[in-house]
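Take a moment with the chain before reading on. We will walk through it one part at a time.

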Amino acid sequence: MRRLQGALIGFGFIAEKGHLPAYQAASLDLIAIADTNAARRELAHAAFPNARIYDGHEALIAAEARNLDFVDIATPPYMHAKIAHAALDAGLHVLCEKPMAVTTDEARSMIEHALRAKRVLFPSHNYKHAPVIRAVAKVLDEGRIGKVHHVTLDTFRNTHARGVKEWRESWRREKKFSGGGIAMDHGSHTFYLAFDWLQSYPTSITAKMSTAAETGYDTEDTFSAHIQFPTGTAVAQLTWRAGIRKVIYTIHGEKGAIRVEDDDVEVSVMGDPNGKPVTWKVTEEKIASDWMDASHTIWFRSLFERFQAAIDTHDYAGKDAQDALRCVELINAAYASAADQSRERVLSGSDAAPPLAPPSVRNVRNINVKPVNGRTNGNGHANGNGVNEHKKASLGS
Ligand SMILES: NC(=O)c1ccc[n+]([C@@H]2O[C@H](COP(=O)([O-])OP(=O)(O)OC[C@H]3O[C@@H](n4cnc5c(N)ncnc54)[C@H](O)[C@@H]3O)[C@@H](O)[C@H]2O)c1
């Protein structure tokens with residue numbers, strides 16, 4: 001099979017530390033790179049001497065479109081839509097970093113353009129490729145906690161993520177480049193996981209946010225939201241002012257619950273729900289997922305495989321792209337709610353959102369999940385030291 005030829009637009013932190021190593025491992029060839037910053041272009045050349053280097057996406061697309069199958073957009077969000085439209089106009093597939101766009105109109109027009117052009121638009125929703133998140137998907141697929149009706153998603157960061165120092169390290173705090181603060185930067189990861197776990201798209205949101213006065217930035221550093229779905233509720237909180245870097249997710253079903261804390265997964269399955277007291281069988285597992293490595297290199301390998309599969313199957317604006325649109329819509333609805341004394345915002349198209357087909361990532365069955373202290377049994381489950389089972393009893397029902 002012919003190897004796909006691609007170009008990177010924006011050679012910053014995530015392109016260099018996350019995408020590039022994944023290209024080297026995947027069956028995709030990187031033949032060109034564009035960056036508007038001269039120092040970054042020099043570094044791009046040093047890292048990838050065989051790639052042709054350009055000072056912007058226009059020059060790259062004009063010179064290289066006929067040699068390319070796709071572009072990979074890794075600039076800050078303010079440019080995502082513009083570059084995606086230029087690439088689609090040139091007949092190229094588009095892989096795009098999150099958030100796919102800054103506004104709902106931009107995201108929707110990208111999807112419409114991809115469908116018209118018959119080219120794939122695929123967002124970099126890499127958290128769903130984290131080994132620990134894949135393990136959660138497997139527990140849900142097996143029905144071990146039953147139908148999910150409530151999830152909580154906490155993202156704690158002790159600072160905003162920094163971009164490369166050669167350009168604007170703190171662009172995430174400047175709305176004109178980022179489109180917003182932590183909700184715009186990290187909300188996509190939070191929300192597409194909630195969509196997968198609750199198996200539907202949200203119908204309304206109420207949100208609140210704040211910015212520490214001393215920072216002088218025009219984007220929020222702390223955000224919380226209550227989100228209603230046809231199938232249940234999600235409660236999310238995100239902050240760049242935490243005392244630790246950590247994600248904590250909880251997923252609640254009719255027969256039990258899952259707690260994820262970075263690499264740790266705890267699955268609690270209820271015994272007899274009418275028992276007095278109700279008891280839970282608790283399984284704890286540690287699944288190395290490199291949460292502390294902000295480049296998330298290993299997650300990108302499997303994401304690139306999904307991008308390639310979408311190209312092979314002509315899935316031009318599939319579930320991931322639809323998720324990306326819903327994420328952008330939700331983030332902007334949250335901002336509108338927060339600006340209006342947290343008044344509930346109803347989401348457009350909510351009553352047209354049917355329960356989703358199983359998330360595409362759940363179709364990737366051969367998960368290479370490696371527990372830290374144990375052996376895998378080939379299905380991503382740890383044996384021996386990796387699993388720790390014990391019983392918990394509730395005080396009431
Ligand atoms: N999926 C993830 O886990 C993850 C992690 C980090 C960043 N990201 C996303 O990746 C994107 C980039 O983030 P980053 O941390 O790598 O930022 P960065 O600041 O490190 O890199 C951005 C690069 O884009 C270049 N650039 C700026 N404007 C440009 C333009 N108009 N054309 C071409 N190049 C331009 C800059 O010179 C810089 O080299 C953002 O959308 C961010 O949200 C995703």
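How many residues does the hairpin that joins S9 to S10 pass through? The hairpin runs through two residues. Keep in mind that this is a predicted model.

Stay with these strands. S9 covers residues 222-229, and S10 covers residues 232-239. The two run antiparallel and are joined by eight bridges. Ser-224 stands opposite Gln-237 in S10. S9 also pairs with strand S8 (residues 204-210), again in the antiparallel sense, over seven bridges. There, Ala-207 stands opposite Ala-225 in S9.

Now look at the side chains. In a regular strand, side chains alternate between the two faces of the sheet.

Next comes the interior. In soluble globular proteins, nonpolar side chains tend to be buried together. Here the largest nonpolar core has 108 residues. Those with the most contacts inside this core are Ala-84, Val-94, Leu-121, Val-136, Ala-194 and Ala-334. Helix H10 (residues 319-339) supplies the largest share, eleven residues. At least three core residues come from each of domain 1 (4-125 + 307-312) and domain 2 (128-294 + 318-351).

Pick out Val-94. Beyond its neighbours within four places in sequence, its contacts include Phe-70, Ile-73, Ala-84, Leu-88 and Leu-121.

Val-136 leads us to helix H6, where Val-136 is one of the buried residues. H6 spans residues 131-141 and is mostly covered, with nine of its eleven residues buried. What covers those buried residues? The cover includes strands S7 (148-156), S11 (246-253), S12 (256-261) and S13 (264-270), along with helix H8 (182-198). Just after H6, Gly-143 takes a positive phi of about 75°.

Turn to the ligand. Its shell has 29 residues, and the closest are Gly-10, Gly-12, Phe-13, Asn-37 and Gly-163. Helix H1 (residues 13-25) gives the most to this shell, with three residues. By class, the shell has 13 nonpolar, eleven polar and five charged residues. Domain 1 and domain 2 each provide at least three residues of the shell.

Trp-167 touches Gly-12, Asn-37 and Arg-40, leaving aside residues up to four places away in sequence. Its place is in the loop between S7 and helix H7 (175-178). Trp-167 is partly exposed, because 19 other C-beta atoms lie within 10 Å, and buried would take 20 or more. Trp-167 and Thr-36 are 131 residues apart in sequence, yet 9.2 Å apart in space, C-alpha to C-alpha.

Finally, check the backbone. Most residues other than glycine have a negative phi, and most peptide bonds are trans. Some places here depart from that. A cis peptide bond joins Lys-98 and Pro-99, with omega about -15°. Pro-99 sits in the loop between strand S5 (93-96) and helix H5 (104-117). The bond from Lys-276 to Pro-277 is also cis, with omega near 0°. Pro-277 is found in the loop between S13 and strand S14 (279-286).

Phi is positive at Lys-118, near 55°, and at Asp-262, near 50°. Are these two buried or exposed? Lys-118 counts as exposed because it has 11 C-beta neighbours inside 10 Å. Asp-262 has 20 inside 10 Å, so Asp-262 counts as buried.

Notes:
Residues are numbered from 1 along each chain as its sequence is written. This is a predicted model: local features need pLDDT of at least 70, side-chain atom pairs count only at pLDDT 80 or more; totals for chains, interfaces and linings use all residues. A nonpolar core is a set of buried Ala, Val, Leu, Ile, Met, Phe, Trp, Tyr and Cys residues joined through C-beta atoms within 7 Å. A residue is buried if 20 or more other C-beta atoms lie within 10 Å of its own, exposed if 12 or fewer, and partly exposed in between; C-beta atoms are placed from the backbone. Helices (H or I, at least four residues) and strands (E, at least two) are DSSP runs, numbered from the N terminus. Domain bounds come from an automatic or database domain assignment. Two residues are in contact if their C-beta atoms, placed from the backbone, lie within 7 Å. A residue is near a molecule or strand if its C-beta atom, placed from the backbone, lies within 6 Å of it. Ala, Val, Leu, Ile, Met, Phe, Trp, Tyr, Cys and Pro count as nonpolar, Asp, Glu, Lys and Arg as charged, and the others, Gly among them, as polar. Two strands pair if DSSP finds at least two bridges between them.
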